[in-house]
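Colleague: Could you take a close look at one part of this model with me? I'd like to start from a single residue and then see the chain around it.

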Amino acid sequence: MNLHDGLKDPKLCRNVLRQIEAEVDEQFRFMEVCGTHTVAIFQSGLRSILPDKIIHLSGPGCPVCVTHEREVAAYLELAEKEDAIIATFGDLMRVPGPDKKNLKDAQAEGARIKVVYSAFDALKVAMENPQDKVVFLGIGFETTAPTIAATLKVAKEQGINNFYVLSFHKLVPPALKALVQDKEIKVEGFLLPGHVSTIIGLEPYKFLAQEYNIPAVISGFEPLDILQAILMMLRQKNNHEAKVTNNYKRAVADIGNPKARQVMDEVFEVVDTFWRGIGVIPQSGLGLNRDYERFDALKAFNLTLPDVAPIAGCRCGDVLKGKVRPDECPLFKKACSPASPVGPCMVSTEGSCAAYFKYMVE
């Protein structure tokens with residue numbers, strides 16, 4: 001048996017589950033922030049075996065899902081530029097924008113769009129097409145931003161002048177602050193994202209305990225990881241404590257990854273940015289700083305971020321804030337499905353709506 005087999009062991013999981021059942025004497029609302037946690041909780045069947053008093057909320061941890069309608073509109077505006085090749089992660093291709101149009105539709109109409117697996121792949125496209133301007137659509141959180149920053153450093157060092165990044169990266173801690181300040185949500189514990197935490201460590205989350213008295217645990221993605229994290233939050237609550245704890249030490253150092261943060265700091269600056277369903281959160285995004293502004297697609301193509309009306313009937317914004325479950329959206333499994341998604345939470349494999357659709361047993 002290897003380490004990961006042990007973290008799935010039914011006997012060990014049942015043991016922790018019994019401890020959770022012994023700790024629950026009143027309702028407890030926790031939110032898992034990361035889209036990978038959302039899928040892991042469904043895949044492992046944890047959602048169906050946790051006590052009814054534990055209310056599980058999915059949060060804004062899916063990169064595609066939190067991309068704002070205005071940002072999707074900017075992608076589509078860019079797709080209309082005859083001198084641009086767009087390089088993007090595949091999930092963004094089907095995210096609906098204004099009038100339900102998406103990048104896949106734009107591609108069918110003639111836009112030059114290439115699906116890539118990394119920013120370095122996009123840079124390679126630029127090097128192979130020196131006569132064109134290649135724009136990488138930068139989305140995601142602290143996890144992906146360092147790699148994109150490193151790619152821009154290489155582009156600068158090698159004097160590659162036809163490569164650009166449209167940076168709509170987002171930072172997780174400011175979004176958590178916005179959620180806890182929303183009195184309708186009432187989160188009592190956070191299952192913190194393992195991937196993001198490998199970069200930022202413990203410190204940026206400490207305000208949750210210090211300012212808002214909310215327990216929070218960094219967790220891995222195996223069933224035993226998640227159950228242990230829930231148990232740790234429950235025990236803190238029952239002991240009237242609030243701490244930020246690292247329960248994923250095999251991957252996350254308490255100080256995070258200083259080298260990754262250093263390369264981010266060299267390339268990006270913290271800016272205000274839009275989040276789907278939440279609106280503008282101050283100091284929650286990453287734009288290119290002055291040293292790298294010549295790579296900024298927003299400026300190079302004079303792109304706008306037009307006001308876009310939300311998709312009629314779609315509750316993705318409320319799903320991302322934990323205000324409704326996906327199956328409480330009137331479009332769920334009716335007008336909206338993975339084959340025909342209306343909102344981004346049904347598009348992405350990390351989206352809450354897609355997870356409910358695939359794994360929820362009625």
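In which helix is asparagine 238 found, and what is asparagine 238 in contact with, leaving aside its neighbours within four places in sequence?

Modeller: Happy to! Please keep in mind that this is a predicted model. Asparagine 238 is found in helix H13, which covers residues 223-238. Once its neighbours within four places in sequence are set aside, asparagine 238 is in contact with Glu23 and Asp25. With glutamate 23 there is a polar contact, side chain to side chain, at 2.8 Å. As for aspartate 25, 213 residues separate it from asparagine 238 along the chain, yet their C-alpha atoms are 9.1 Å apart.

Now for the wider setting. Of the contacts in the protein chain between residues at least 6 apart in sequence, 77% join residues at least 24 apart. The protein chain holds 18 helices and twelve strands, and 56% of its 362 residues are buried. Its radius of gyration is 21 Å, which agrees with the value near 21 Å that a compact globule of 362 residues would have. Along the principal axes, the C-alpha atoms fill a box of roughly 65 × 45 × 45 Å.

Methods:
Residues are numbered from 1 along each chain as its sequence is written. This is a predicted model: local features need pLDDT of at least 70, side-chain atom pairs count only at pLDDT 80 or more; totals for chains, interfaces and linings use all residues. Side-chain values use heavy atoms; hydrogens and water are left out. Helices (H or I, at least four residues) and strands (E, at least two) are DSSP runs, numbered from the N terminus. The radius of gyration is taken over C-alpha atoms; the globule rule is 2.2 Å times the number of residues to the power 0.38. Buried means under 20% relative accessible area, exposed over 50%, partly exposed in between (1.4 Å probe, protein chains only). Contact means heavy atoms within 4.5 Å. A polar contact is a pair of N or O atoms within 3.5 Å; within protein, one must be able to donate a hydrogen and the other to accept it, and residues adjacent in sequence count only if both atoms are side-chain atoms.
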